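Here is a friendly note to read alongside the model. Please keep the 3D view open and turn to each region as the points come up.

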Amino acid sequence: MHDLSSRLSFGYFRLFFKENKFFFSLLVFFLAFVVFSFRNIDALIYPFLYAEDGVWTGRLMTDGFVKTFTTAREFPILGFVILYQLGLWAANVFFAGELSYLPLIYFVFSNIFMAALVVMTLNLFRGHISTLALFSILIAIMLFSVGGNGDEIFGRLLNLGFMMPFMQALVVSSVYKEGG
């Protein structure tokens, strides 16, 4: 029989999260989401669409998903178009199509994407490098420097394109890890 102090010990939680990797990943996701959300709350204080957020949303509303994706030749934007389309659907479902909620929706989607990258990194390297090295990498991802102002980075979809190569590297690495 375990008393309360042994259940609240660090070792108990360490064993629980070691055996329950899903819950640990969920905890890391939640913590990363909170960190990214608080790194810059500009999208909540000043809820307007920056640059490409407005341009691509407008193109989706005017031309539709297929035409927007297939006629975009500036750079590969499938990830953007999907996230912007999901944002429009969320505005329709949760806010009766009220577009003034799009900055909030994009804020949530952006931070979900960034937190998912942290969890992907965790799951890729877990068991292959030391715990200290893994947590150092995760903290570095969550706290990487973006200069003096992160208003157009955190809480916005428009600059997630710079994270797409990192995500692609994680996906390709996990495929090789699984097959190897």
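1. Ser-110 is a clear example, being buried with a relative accessible area of 1%.

2. Some ground rules come next. This is a predicted model, in which local features need pLDDT of at least 70 and side-chain atom pairs count only at pLDDT 80 or more, while totals for chains, interfaces and linings use all residues. Residues are numbered from 1 along each chain as its sequence is written, and side-chain values use heavy atoms, with hydrogens and water left out.

3. Now the overall picture. The protein chain has 10 helices and 0 strands; helices (H or I, at least four residues) and strands (E, at least two) are DSSP runs, numbered from the N terminus. Of the 180 residues in the protein chain, 33% are buried. Contact means heavy atoms within 4.5 Å. Among contacts in the protein chain with a separation of 6 or more, 68% are between residues 24 or more positions apart.

4. Please look at helix 8 (residues 102–125). Helix 8 has 24 residues and reaches 35 Å from its first C-alpha to its last, close to the 34 Å expected at 1.5 Å a residue; the expected span is 1.5 Å times one less than the number of residues. Of those 24 residues, 17 are buried, so helix 8 is largely enclosed by the rest of the structure. Ser-110 sits in helix 8. Leaving aside neighbours within four places in sequence, Ser-110 is in contact with Ile-153, Gly-155, Arg-156, Leu-157 and Leu-160. Just after helix 8, Gly-127 takes a positive phi of about 85 degrees.

5. How do helix 8 and helix 9 pack? Helix 9 covers residues 131–142, and the two helices pack at an angle of about 165 degrees with their axes 10 Å apart. Axes are lines fitted to C-alpha atoms, for helices over the stretch in contact, and angles run from 0 to 180 degrees between N-to-C directions. Angles under 35 degrees count as roughly parallel, over 145 as roughly antiparallel, 65 to 115 as roughly perpendicular and the rest as oblique. Helix 8 and helix 9 are therefore roughly antiparallel to each other. Val-118, Thr-121, Leu-122 and Phe-125 of helix 8 make the contact with Leu-134, Ile-137, Leu-138, Ile-141 and Met-142 of helix 9. By class, this contact has 8 nonpolar, 1 polar and no charged residues. Here Ala, Val, Leu, Ile, Met, Phe, Trp, Tyr, Cys and Pro count as nonpolar, Asp, Glu, Lys and Arg as charged, and the others, Gly among them, as polar.

6. Helix 9 has another partner to look at. The axes of helix 3 (residues 21–39) and helix 9 come within 10 Å and cross at roughly 30 degrees, and the two helices are therefore roughly parallel to each other. Phe-24, Ala-32, Val-35, Phe-36 and Arg-39 in helix 3 meet Phe-135, Ile-141 and Met-142 in helix 9. That contact has 7 nonpolar, no polar and 1 charged residues. The buried residues of helix 3 are Phe-24, Ser-25, Val-28, Ala-32, Phe-36 and Ser-37.

7. Which way do helix 5 and helix 7 lie to each other, parallel or perpendicular? Helix 5 (residues 51–63) and helix 7 (residues 78–95) pack at an angle of about 70 degrees, with axes 10 Å apart, and are therefore roughly perpendicular. Residues making the contact include Trp-56 and Leu-60 of helix 5 and Tyr-84 and Gln-85 of helix 7. The classes here are 6 nonpolar, 2 polar and 2 charged residues.

8. Stay with helix 7 for a moment. What covers the buried residues of helix 7 includes helix 5, helix 6 (65–71) and helix 8. Gln-85 counts as buried at 10% relative accessibility. Not counting residues up to four places away in sequence, Gln-85 touches Leu-60 and Phe-65.

9. Asn-149 is found in the loop between helix 9 and helix 10 (164–179), and is partly exposed, with a relative accessible area of 49%. The C-alpha atoms of Asn-149 and Asn-40 are separated by 8.7 Å, although these residues are 109 residues apart along the chain.

Methods:
Buried < 20%, exposed > 50% of the residue type's maximum accessible area, 1.4 Å probe, protein only.
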